[in-house]
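Here is a short report for a first reading of a structure. Start with the view below, then follow the headings.

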Amino acid sequence: MIDLSLLTDGGVGWLDASGPASHLVLSTRIRLARNLADHVFQGRTSETEREEILATVEGAARESVLLRRATRFRLDRLDRTDRQLLHERHLVSKELAGLDPDGRVRSGASLLVQDRIGVMLNEEDHLRIQGLHSGFALDAAYAEVDRLDAELGQRLAFAFHPEFGYLTSCPTNVGTGLRASVLIHLPGLVLTKEISKVLQGLAQVGLTHRGLYGEGSEVVGNFFQLSNQTTLGSSERELLDHLGKMVRQVMDYEEQARQVLVRDAPTVIEDKVWRAYGLLRYARSLSFDEAMNLLSGVRLGVGVGLIPDVAMYTLNKLLIYAQPAHLAVAEGLAPDDADLPLRRARFVRKVLESEVGRRG
Amino acid sequence: MFCDQCREREAVIHLTQIVNEQVTTLHLCEKCAAEKGVESPGAVAKTPLGSFLAAMGKGTDLAPAPRSGEVCARCGGTFQDFRETGRLGCSDCYRSFEAPLRDLLRRLHGSTHHLGERYTERDPGAALAREQAAELRERLRLAVETEDFELAAEIRDRLRVLE
């Protein structure tokens, strides 16, 4: 079993809801795709070559300031539950964790992580430099990732083309190699049925949306990951500014939608959020999806001021620890154990009871 | 029915647009549709890359596709491999298949020119040193091969200083 206590805040510092606009935005993630010039891309690497890549980058990381004390996880030496645990903490991609239905974990697949930044190694690209911040914090997240990129870039030879920029295994990432994602909660737009219009609008301005777990994941609990689609032809600054501007607009739409709901359907919305709270507080069995949807309802209730006394941090914590692998590890069960929904309900009740206090 | 755009080829794609509650239908041939960024339903894939690769597979003359069997000298990958997997074999593939990739990048990103941070400017000294070291290592190999050990020792010393 992996020891996540090795990480500062268990690697979930971004959960603390301390960042800007935390009532709407859970987290901001930025990643830079980089490849070593001296090695072929991942699809053609041998096991030995992946070990070399690992050793080279780890050497550079040890000499760096930002990753000197990094904790290393070798995904290829972890069992499935542990890999899923790291994925549920948003520390590794589904691909690196080998969690796709037909996926296997690639030999050499590793994660280096120190505080809010880290590097996925032997992912689709040799390096995926990443940073994860609480709330809506594109600039802060990029500044850190950029510093790490510069530090590693001085010690490693990255594949770079004068016209195309940073070269990546998939041409969708070439150029800056930058993907910035904002994980945002949009129940107001979903309830007012405005969401598809908003998402279409975002697609037209070159942004894309994904679910809670990024690429290829479903939308659960009204959480959407909004990110830039293109990586070439604009500077990093332009990509971030554009995404930031659009996210602020989506935040405005969401606030407006919430105002409409509270103004035009106050009893419906009040019933909905308290019903969600009541179910979480007293249900005896909860599937993951149901828990996510109910948490979304309570989060909305807190956001519009209908439910006092529940901290965003408590809701964020439930969001992470009610996930299958987290719960399974805490309860000493397998992630597909039939008892899990019962344990989940018990866990949620316990957290709400101790952190929210008695409400009538 | 002829294409509304070029009025030459047969229209095969019928695009219905609603702008300001006005419904208009455009009848386009495959080529003009592709130029407008519209794919025929059969070619629509989930990702922009997928749709592009599908379009290339159908033989639309977007770019001179490399002759089958053309191989990247470094990794041995072919453009066909890329079409099948969506992943390139190595960084040299970007040179080996430059023409079709340039076209792909234009369609994916609307540009082929990187405007972001430049890696080489970051530490040109280190890049130069790396190149010099590579050259010296090659000369060292040759010196050892020809049993010129005096020269080999000298090169090794220079390499030590450089590294």
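## Terms and model

Helices (H or I, at least four residues) and strands (E, at least two) are DSSP runs, numbered from the N terminus. This is a predicted model, in which local features need pLDDT of at least 70, side-chain atom pairs count only at pLDDT 80 or more, and totals for chains, interfaces and linings use all residues. Residues are numbered from 1 along each chain as its sequence is written, while chains are lettered from A and ligands numbered from 1 in the order in which they are written.

## Chain B in outline

Chain B holds eight helices and two strands. Along the sequence they read β-β-α-α-α-α-α-α-α-α.

Chain B has 163 residues, and 25% of them count as buried. Buried means that 20 or more other C-beta atoms, placed from the backbone, lie within 10 Å of the residue's own; exposed means 12 or fewer, and partly exposed is in between. Two residues are in contact if their C-beta atoms, placed from the backbone, lie within 7 Å. Take the contacts in chain B between residues at least 6 apart in sequence: 30% of these join residues at least 24 apart.

## Helix α5 of chain B

Helix α5(B) covers residues 98-109, twelve in number. From first C-alpha to last it reaches 16 Å, close to the 16 Å expected at 1.5 Å a residue. The expected span is 1.5 Å times one less than the number of residues.

The buried residues of α5(B) are L101(B), L104(B), L105(B), L108(B) and H109(B). They lie on the same side of α5(B), because they cover an arc of only 100° around the axis. That arc is taken from the directions from the helix axis to the C-beta atoms. After α5(B) comes G110(B), with a positive phi near 75°.

## Strand β8 of chain A

Strand β8(A) spans residues 178-185. Eight of its eight residues are buried, so the strand is largely enclosed by the rest of the structure. L178(A), A180(A), V182(A) and I184(A) point one way, and R179(A), S181(A), L183(A) and H185(A) point the other. In a regular strand the side chains alternate between the two faces of the sheet.

Strands pair if DSSP finds at least two bridges between them. Seven bridges join β8(A) to β1(A), residues 25-34, and the two run antiparallel. Here S27(A) has L183(A) as its bridge partner. Five bridges join β8(A) to β10(A), residues 223-228, also antiparallel. H185(A) stands opposite F223(A) in β10(A).

## Where the chains meet

The contact takes 33 residues from chain A and 30 residues from chain B. On the side of chain A, α4(A) gives the largest share, three residues.
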